[in-house]
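Dear colleague,

Please find the structure below, with its sequence. A summary of the findings follows it.

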Amino acid sequence: MRQQNNRLRWIILGLLVALAAWKIYPTIRLATIDQASFDALDREAQVSLRSNSIKQGLDLQGGMRVVLEVDMVELVRGLADNKDSRFEAHITELQNKLTATSDFWSEFQSEFADVQLHEYFGDLHQTNDEIITDLRQQAIEAVDNSLVILRNRVDGSGLQEPSITKQGNRRIVVELAGVNDPEAARRMIGRTALLEFKLVEEVAKTNMVLESINDYLRNHPVHGEQGAAAAELAEAVGDGSEVPAETASLSAPTAEDSAKVAKGDSVEDFDPLAADAGTTDLAEDTENPLYSLMVVMQGRNSYLVPAENREDLVEILETPAIQELIPPGSEFLFGRTESMGEREYAELFMVRTQAELSGKYLKTAGVNIDQGYNTGNAGASIVELELNNDGARIFARVTGDNINRRLAIVLDDRVFMAPNIRSKIPNGRAIIEGLDSIDEAKELANLLRHGALPSTVKPVEERTVGPSLGLESVQKGAFSAVLGFVMVILFMMVFYKKSGVGAVIALLLNMLFILAILAGFNATLTLPGIAGIVLTIGMAVDANVLILERIKEELRAGKTVRSAVEAGYSSAFRTIVDANVTTLIAGVVLYQFGSGPIRGFALTLMIGIACSMYTAVVVTRLLFDMLTDYDNKSAKLSI
């Protein structure tokens, strides 16, 4: 009967070893394959090899770790149905009160204590407490949605081994191991990717508003950096006499000029290099303080702002007195920065505040190469947009009602392009041009495809680990594990002779099973995780030491080898279980309440305990039974 049970155990052990070897093979293959051979594999094979191998954490292969926090003030502002001056005043005061340790909702309730919140949120019959409860829930959902969107963005970008987890109710931890371009990762993580289609205001209306702002500034002089920037610009363009030719060539379209316009089923960008762009003289700063900060393209009815003047202009436009001069429902936005000669310029647009269409109607966004049939930009990277049925219906109405007007495609409050609408576009398709590279097109399409973040997120902590530091961590961690393993083997062979061989075999299988489980569950191996494995090696041998010592005691008492082995395992089993279960409980607590490195340590520790229990008790017992079955009359055991 015992032999039949052992035969079944051998079969199970063989299947487990085969399964573990199958699971660990991709990791070994990935670690041993050279870069040229890896590049020769097709895309599907590369992805399969990476996804099925043990993932290395940030501390092992380098990368970046960013802790993001949802901007609760902006979130609440976005949830408000009505935003009057009173509401904005309270929000501003709330923002000024908040500190790093403040409880947002306590401060919010205190600030709005004398306000009936139903004026801005929820329903008329809701109390302030009920509305705050709803807002809390919506904030939690916003963080959860941000988590999902960030995961989709990172997965869609092709980055390997991403770890994106929630920390508390407001923070998200993003770990990108092996990232080569931290700046691109920051853009991908932090951008809200809010796509909107806004109508550009009529030229006459824009000119009237700018003229009124200029008149106000003439009567209320602006000194300091703005005046110095204006003087520098005047000097750069020839002491106020003429705009350089390279500047004059950059222009925006009007309904009458030769700009690129909508054709059939797409919206296309205009050609910025037009031959007949007009020029203008720059007036003295004291006479035209606003216009001296920009290049006025009279022939194109457009305004170009040099990069060095942008902050000054933004400061002017955000002044409360200037805001009063901007008509309700209109706002100023900047376009993309373009290099012209040795300087960079961005066009200034006045657009309607209310978007005609938003990204929520976007069905898909893909990358393609412009064939140049209508644009003349053959070979350039473009992003193709397709709207859903509701979006296509709205888009058709907007384009049909506003022929010969400019429609700004706005992404994160920046005008990507503002083409003229030439005809009605009924099928909900559009393209975005003017992208610098295929990588930028892919990044933009990925952001649009996976949606906008429901609220602004801001980085509160960022840490970058260089590849060299990660490599050093791998080498030191691997060395410590190997050294510990070798020392344990020597100890067992010296003190327990041939009986120690069984413990060594069990230890090897224990390591194999741990790594196979990590690979099978797509776990991430970190430096603390390696520490957990090293600790497990010692704990696994400790169980065998208990068993072997009990066997020696039974042999000294005069029992046969088989009886001593059975008695040794029977008496040591309870002690082994007690020791491992208590350690397992500690590991569960560490994993549940710990974070980051602590969880990595706890994970490998728990896996190691489970595996060591099996190998120390079952595998070594099978080896002893095989020995005693082979020589049943043996009176000696090398122990």
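How many salt bridges does the count come to? The count comes to 23, where a salt bridge is a side-chain nitrogen of Lys or Arg within 4 Å of a carboxyl oxygen of Asp or Glu.

Please note that this is a predicted model, in which local features need pLDDT of at least 70 and side-chain atom pairs count only at pLDDT 80 or more, while totals for chains, interfaces and linings use all residues. Residues are numbered from 1 along each chain as its sequence is written, and side-chain values use heavy atoms, with hydrogens and water left out.

**Overall**

The secondary structure comprises 21 helices and 17 strands; helices (H or I, at least four residues) and strands (E, at least two) are DSSP runs, numbered from the N terminus. Of the 639 residues, 44% count as buried. Buried means under 20% relative accessible area, exposed over 50%, and partly exposed in between (1.4 Å probe, protein chains only).

**Salt bridges**

Glutamate 331 and lysine 198 are joined through their side chains by a salt bridge of 2.6 Å, N to O. Glutamate 331 belongs to strand β8 (residues 330-340) and lysine 198 to strand β5 (residues 195-199), so the pair ties together parts that are 133 residues apart in sequence. Lysine 198 counts as buried, at 3% relative accessibility.

In a second salt bridge, between glutamate 308 and arginine 343, the closest N and O atoms are 2.0 Å apart. Glutamate 308 lies in the loop between β7 (302-306) and α13 (310-317) and arginine 343 in strand β9 (residues 343-352), so this pair ties together parts that are 35 residues apart in sequence. Glutamate 308 is partly exposed, with a relative accessible area of 37%, and arginine 343 counts as buried at 19%.

Within helix α19, glutamate 549 and lysine 552 lie three residues apart, about one turn of the helix. Their salt bridge has its closest N and O atoms 4.0 Å apart. Salt bridges that share partners also join Arg65, Glu175 and Glu461 into one network.

**Helices α19 and α20**

Helix α19 (residues 527-556) packs with α20 at an angle of about 145 degrees, their axes being 8 Å apart. The axes are lines fitted to C-alpha atoms, for helices over the stretch in contact (heavy atoms within 4.5 Å), and angles run from 0 to 180 degrees between N-to-C directions. Among the contributing residues are Met539 and Leu546 of α19 and Tyr569 and Ile576 of α20.

Valine 581 is in helix α20 (residues 561-593) and is partly exposed, with a relative accessible area of 40%.

With kind regards
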